[in-house]
Amino acid sequence: MLAFLAEHDPRETPKQDFLNARFDAGLAWVHYPEGLGGLGLSRSLQQVVDAEFAAAGSPGNDAERNVIGLGMAAPTIVAYGTDEQRRRWLRELWTGREIWCQLFSEPGAGSDLATLATRAVRDGDNWVVSGQKVWTSLAHHAQRGLLVARSDPEVPKHQGLTYFAVDMTAPGVEVRPLRQITGEAEFNEVFLTDVRIPDADRIGPVGEGWKVANATLMSERVSIGASRAAPREAGMIGPAAATWRSRPELRTPGLHARLLRLWIDAEVARLAGERLRQQLAAGQPGPEGSAAKLVLARLNQDISGFELELAAADGLRYDDWSMRRPEHANFYSRGPGYRYLRARGNSIEGGTSEIMRNIIAERVLGLPPEPRVDKDVPWKDLPR
Ligand SMILES: Cc1cc2nc3c(=O)[nH]c(=O)nc-3n(C[C@H](O)[C@H](O)[C@H](O)COP(=O)(O)OP(=O)(O)OC[C@H]3O[C@@H](n4cnc5c(N)ncnc54)[C@H](O)[C@@H]3O)c2cc1C
């Protein structure tokens, strides 16, 4: 690292050149394979590397703008992409030149994602894709989208899916804002009309999109629930504890007991997230991430509710309901009202809390699965 910093002075080197060189030296995500921005080292060393770069005044890759790219697209590409795709996409992604979004949910397919209807029809070296996606976070900034589409309607729903990386600037891709409860439009609906996707941008084998999508979803849950090493009182408990300390006049014994319980829960979740991150091998998170995601949703909703109550009359005010197109969800640049409203989505995005409980029950605890009556029915014959 020292040799790298000596060769690339962060104060002298233009940002993009610095990030490119950091990637090429394997110091981007050190647990990734050599040649793909990593050195095949332990994931736990990433924290040390990031801290050293920050201390040297190095430019960052604006990770919060590319949460889907870094947290979901990259592990999927490493696990299922070809060597050519890894070379083509990972560097652009890590250095922040290409923002990614996730085109999974549809108006008729959310929790039961495998029922999705967007069609992909093979045409020589291309696929022609038409359909509608919804709740697509950050599609308005994205250059690339992770897309699951139906390539074969004749087979049961899980078997006829294929996975692509779609160019969001291609003809036929239309992104429209969807305004949410916070007032802003963080997500979108995306219409795909005869969009041509080269077969070279297919990730994984034809018909195996469900398997690839599951890898993305498991990464998503880890990414939401335990994304990065965090100091004590990081996250929503931070502003709640700060208000408690600075506004003694708001305190009541009941609120005190609640704050203590929430503080302990937040600390336990932080430590459990740390353990989960250390257990993870690159690109292969398991269903355990669902527990982290489930806990984060509950905590964020409970803590933001507490914060609002603690704020008393001030809690009833909302800072700004004007329509905005944020570059990422930032819970901390705004007031408690925003946190309260935005946290509602935490138990829906990335899979609902009910679905997380199903996954934990079936795949972690080994309890009997939900009956799947439509498992063998061709998708085209499913009731709609
Ligand atoms: C802030 C936010 C950002 C999002 N970003 C994206 C994105 O970038 N890309 C993307 O593709 N999607 C995104 N989503 C969509 C999200 O993944 C879906 O909303 C979610 O999977 C639920 O699907 P649904 O809305 O269709 O609800 P439904 O699946 O219709 O569920 C409705 C209700 O039924 C319950 N339910 C459904 N099935 C079961 C079951 N088997 N057992 C028990 N209960 C069940 C659910 O828990 C829920 O309470 C985002 C959502 C939010 C809120």
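This is a predicted model: local features need pLDDT of at least 70, side-chain atom pairs count only at pLDDT 80 or more; totals for chains, interfaces and linings use all residues.
Local features require pLDDT of at least 70 and side-chain atom pairs pLDDT 80 or more, while totals for chains, interfaces and linings use all residues. Residues are numbered from 1 along each chain as its sequence is written, and side-chain values use heavy atoms, with hydrogens and water left out.

**Ligand site**

The ligand is surrounded by 19 residues, the closest being Ser105, Ser111, Trp135, Thr352 and Glu354; a residue counts as near if one of its heavy atoms lies within 4 Å. By class, this shell has 5 nonpolar, 10 polar (Gly is counted here) and 4 charged (Asp, Glu, Lys and Arg) residues. Helix α11 (residues 353-364) gives the largest share of the shell, 3 residues; helices are DSSP runs (H or I) of at least four residues, numbered from the N terminus.

| Side chain | Ligand atom | Distance |
|---|---|---|
| Serine 111 | oxygen | 2.6 Å |
| Threonine 352 | oxygen | 2.7 Å |
| Serine 137 | nitrogen | 2.8 Å |

The protein buries 69% of the 980 Å² that the ligand exposes when taken alone (Shrake-Rupley method, 1.4 Å probe).

**Asparagine 61**

Asparagine 61 lies in the loop between α3 (45-55) and α4 (67-80). This residue counts as buried because its relative accessibility is 14%, the limit being under 20% with a 1.4 Å probe and protein chains only. The side chain of asparagine 61 reaches the backbone oxygen of tryptophan 94 at 2.8 Å. Beyond its neighbours within four places in sequence, asparagine 61 is in contact (heavy atoms within 4.5 Å) with Leu19, Leu70, Trp94, Thr95 and Gly96.

Definitions and conventions. A polar contact is a pair of N or O atoms within 3.5 Å; within protein, one must be able to donate a hydrogen and the other to accept it, and residues adjacent in sequence count only if both atoms are side-chain atoms. Helices (H or I, at least four residues) and strands (E, at least two) are DSSP runs, numbered from the N terminus. Buried means under 20% relative accessible area, exposed over 50%, partly exposed in between (1.4 Å probe, protein chains only).
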